[in-house]
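Please read them with the model open.

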Amino acid sequence: MNTFFSDWYYLSIRNIKLIWRPLMALLPPFFMPIFFFAVNSLSLSALAQVPGFPDVSYKDFIAPVAMFTAIFFSAGNAGIELVQDIQSGYFKKLIIMPINRLAIVLAKLTEVAVQALGQGLVMLILLLLWGVHFKTGFLGILTIFAILGIFAMAWSCISMIFALRTQNARLVQSMFILVFPLLYLTTSQAPKSLLPHTFGVITSYNPVTYIIEGIRTLTINGWGGPDVSYAFLAAGGMFVVFVTITMLSFHKALK
Amino acid sequence: MVSKNTNIIEVKNLTKTYPGGTQAVRGISFNVKDGEFYGFLGPNGAGKTTTINMLVNLVKKTSGSVVIDGLKLEDNLDEIYKRVGFAMQEVGLDEVATAREMMQLHGRLYHMSKTDIDAQVSKLLKLVELEKVADKFTSTYSGGMRRRFDLALSLIHKPKILFLDEPTQGLDPHARQLIWAHLRQLNKEGMTIFLTTHFMDEAQELCDRIEIMDKGKIVTEGSPEELMKKHNAKNMEEVFLKTTGSNLGNEEVNANAPDPFARSRQRG
């Protein structure tokens, strides 16, 4: 096996083990999405009766947000793990080995993608048990997972950039507050047509809006329309930009 | 076979000036011979750790040249990393991995065969007397066990040169003796060892040759016996005290670490 791929593979295995070590760390990322989904779907269900609301139940409407949020909350852990490796000195051990630097970053992204897949699956099962319907079926769900996986890797890069630039766990942890404006300045709670004009304009500048709209279309509408392509473009664009900045930060951290 | 005639580390006019102007290392030159146990001493902030970090490119040198085993540092990093092991001041272990898992991973990352890895893991765990706890998480290890395991980990790929930065820092006398015995054995088998330490008895006990550094410069060099004779001293501690000044109050900060508060401090 080419050494680059073997480095990537073995580092990925090491990182994937971090997902369930300790086991309890798996639970917190589910709490917020389940809590918000349960509260919102029960308390705001009457919104579905408002003229202009799509012809679906409110729980189906916000189900994609629950899946998205589970991944949003956990993908930031990549940066915290990286700070831990830097502070313990383990990161230095890695960089004085004859391994490809890109493999170190890609292995971290692989961990994030695997975690996103696992958490997405658990959320999916919970949503199905709650009675949520996915209009595009199995293929649609696979597409949703692909969008979420790409987004999770892009978002984890932001936390790694913070980690490499500051090497400070508290600062990386504080990045968590970015989740709220990015999540709520979108169409996560109501369709754009029902939002105040200014708010609607703001949501159109937020890439997260396109990701939520893409997975929502696959959940409640079907394959038609450009929303799914926009979601891939938004997630893919973020991925390319943030992986590049992560690599630059990586090289800067080594100087 | 140990030659002790050819230079395995060659350093010429090595300098390090950190952003902000701190001159940590000021044009030092020295050679280490193949198979030699070489001590690099100095008070806190003398520039020892900066120097050892520059020798493995963990800190970029400002100027000068470093040749390791005939290879120019900046042009042959991967090849050099295959030939050197480094047990750093901070014992950087993966806290949620077992000792065996870490050693196997490192063996894989050095692109060793599975048979080689298995043989090295058994040999090294036996050497540092950690066979019984090899399958426990490293977070459960005591300070001495962590140091010993870190030493074993740095040897997984059978390096020709071993860099050790304060390897017995914080250890009790028993653990120190155990590490010394391992190091003597490795050196006897032909490994070149480059050691930085604060402990003069350690340097005197282990090293063939010693350089003492102070304020970024080498102030004296020779075998322990030569140094004691040259400086009319009874032991290495006396040599150390006679050749170095106190650096208290002038120690370097870790200028390599990012300072997340720099801007707010600049604003006052």
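1. The model is predicted. In it, 22 residues of chain A are in contact with 23 residues of chain B. On the chain A side, α1 (3–19), α5 (90–95) and α7 (137–166) each supply at least two of the touching residues. The most comes from α1(A), which gives six residues.

2. What kinds of residue make up the side of chain A that touches chain B? They divide into eight nonpolar, seven polar and seven charged.

3. Away from the list of contacts, helix α3 of chain A covers residues 58–75, 18 residues in total. From its first C-alpha to its last it reaches 26 Å, close to the 26 Å expected at 1.5 Å a residue. Is α3(A) mostly covered or mostly exposed? It is mostly covered, with 18 of its 18 residues buried; a residue is called buried here if 20 or more other C-beta atoms lie within 10 Å of its own C-beta.

4. Chain B has an open sheet of four strands, in the order β2-β1-β4-β5, with antiparallel pairing. Its edge strands are β2 (23–33) and β5 (71–72), each of which pairs on one side only.

5. Within that sheet, β1(B), residues 7–17, pairs with β4(B), residues 63–68, over five bridges in the antiparallel sense. One position to look up is Glu10(B), which stands opposite Val67(B) in β4(B).

6. Which strands of chain B does helix α1(B) lie across? Helix α1(B), residues 48–55, lies across β1, β2 and β4 of chain B. Its direction is at about 120° to β1(B).

Conventions
Residues are numbered from 1 along each chain as its sequence is written. Chains are lettered from A and ligands numbered from 1 in the order in which they are written. This is a predicted model: local features need pLDDT of at least 70, side-chain atom pairs count only at pLDDT 80 or more; totals for chains, interfaces and linings use all residues. Two strands pair if DSSP finds at least two bridges between them. Two residues are in contact if their C-beta atoms, placed from the backbone, lie within 7 Å. Axes are lines fitted to C-alpha atoms, for helices over the stretch in contact, and angles run from 0 to 180 degrees between N-to-C directions. The expected span of a helix is 1.5 Å times one less than its number of residues. A residue is buried if 20 or more other C-beta atoms lie within 10 Å of its own, exposed if 12 or fewer, and partly exposed in between; C-beta atoms are placed from the backbone. Ala, Val, Leu, Ile, Met, Phe, Trp, Tyr, Cys and Pro count as nonpolar, Asp, Glu, Lys and Arg as charged, and the others, Gly among them, as polar.
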